[in-house]
Amino acid sequence: MTVDPALISRLEEKAVDIRKKIIDLTVIAGSGHLGGALSMVEILVALYYHTLKVDPSQPKWPERDRFILSKGHGALALYPILADRGFYPEELMSNFNGLDSPFGMHPDMNKIPGVEMSTGSLGHGLSVAVGCALTARLDCASWRTFCLLGDGELNEGTVWEAAMSASKYKLGNLVALVDRNGFSLDGPTEEIMPLEPLKEKWIAFGWDTVEIDGNNMAEVLNALESLPEASGERPQCIIARTVKGKGVSFMENQSEWHYGCVDEQKAEEVKAELELARKGRGC
Ligand SMILES: Cc1ncc(C[n+]2csc(CCOP(=O)(O)OP(=O)(O)O)c2C)c(N)n1
């Protein structure tokens, strides 16, 4: 499948904008889950600016695709995208993580339009996504459910119970995306609890599975465009190999940047580095 080059470069540009907004939000809060927010930007941008059928003017539109951010600590990346798509004004995030702010470190479905599930306690998103996909089947509806998981999150046994259920119920309308950045909270996944061979595991659980470079916009778009019809019988898994802290040289692949902060001055340096990369790509 060939993805439109103009779309790829437009969304690559958007990814740079979103990474800069992630940095700004961290400055407001004084901290944030930077590493895992930065790693998944291309995935979220491709979903929200290309794939997902959503209508920001009607966040609860019954025919919308459902997106569940199971790795809820990545909300830093989701918030600016929902604002940019028009679910709420960007100014609402001006006191991000303040006591009276609807926007906390983890997303709250009761406070933020466009957030499908309150997440943060890892290991629950895929179970709810299975429930959503089953609902669509029972209603003979055509919408899909997408669920983004962290790789460290896969240590939770509930993920695999949900994975088994999805294939039992033939949920071809369900897509799991794994942000395979290789790190959990405090170290490499393969040291904490080895996951490999990960692709084979998902296949053994009955999922059609592909592995891609999740920071390569063309590959992410191609994987999403190549999804079979939602009426199919096999759930779909996209393992997206990414870099934790992607785009910020001193954060990349550094466990200590799972959660951290930058002051205003450092934030300017980081955003300058992101801009430089944008120019290097010819955006
Ligand atoms: C049930 C549960 N246990 C522990 C945590 C604490 N925690 C927050 S982030 C994180 C690491 C998760 O790793 P991964 O899913 O790979 O996230 P990423 O590297 O993509 O940020 C952990 C253990 C949690 N949020 N929920």
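Author: A residue is taken as near a molecule if its C-beta atom, placed from the backbone, lies within 6 Å of it. The model is predicted. Around the ligand there are 21 residues, and among these G36, G150, G152, E153 and L185 come nearest. By type, the shell around the ligand holds 13 polar residues, 5 charged and 3 nonpolar. Helix 2, residues 34–39, gives the largest share of this shell, with 3 residues.

The protein chain that holds this shell has 10 helices and 5 strands. Its radius of gyration is 18 Å, close to the 19 Å that the globule rule gives for 283 residues, so the chain is as compact as a globular protein of that length. Along the principal axes, the C-alpha atoms fill a box of roughly 50 × 45 × 40 Å. Of the 283 residues, 47% are buried.

A166 is found in helix 6, residues 157–168. A166 counts as buried because 29 other C-beta atoms lie within 10 Å, where 20 or more are required. Leaving aside residues up to four places away in sequence, A166 touches V130, L171, L174 and P235. S9, by contrast, lies 34 Å from A166, C-alpha to C-alpha, and the two are 157 residues apart in sequence.

Definitions and conventions:
Residues are numbered from 1 along each chain as its sequence is written. This is a predicted model: local features need pLDDT of at least 70, side-chain atom pairs count only at pLDDT 80 or more; totals for chains, interfaces and linings use all residues. Helices (H or I, at least four residues) and strands (E, at least two) are DSSP runs, numbered from the N terminus. Ala, Val, Leu, Ile, Met, Phe, Trp, Tyr, Cys and Pro count as nonpolar, Asp, Glu, Lys and Arg as charged, and the others, Gly among them, as polar. The radius of gyration is taken over C-alpha atoms; the globule rule is 2.2 Å times the number of residues to the power 0.38. A residue is buried if 20 or more other C-beta atoms lie within 10 Å of its own, exposed if 12 or fewer, and partly exposed in between; C-beta atoms are placed from the backbone. Two residues are in contact if their C-beta atoms, placed from the backbone, lie within 7 Å.
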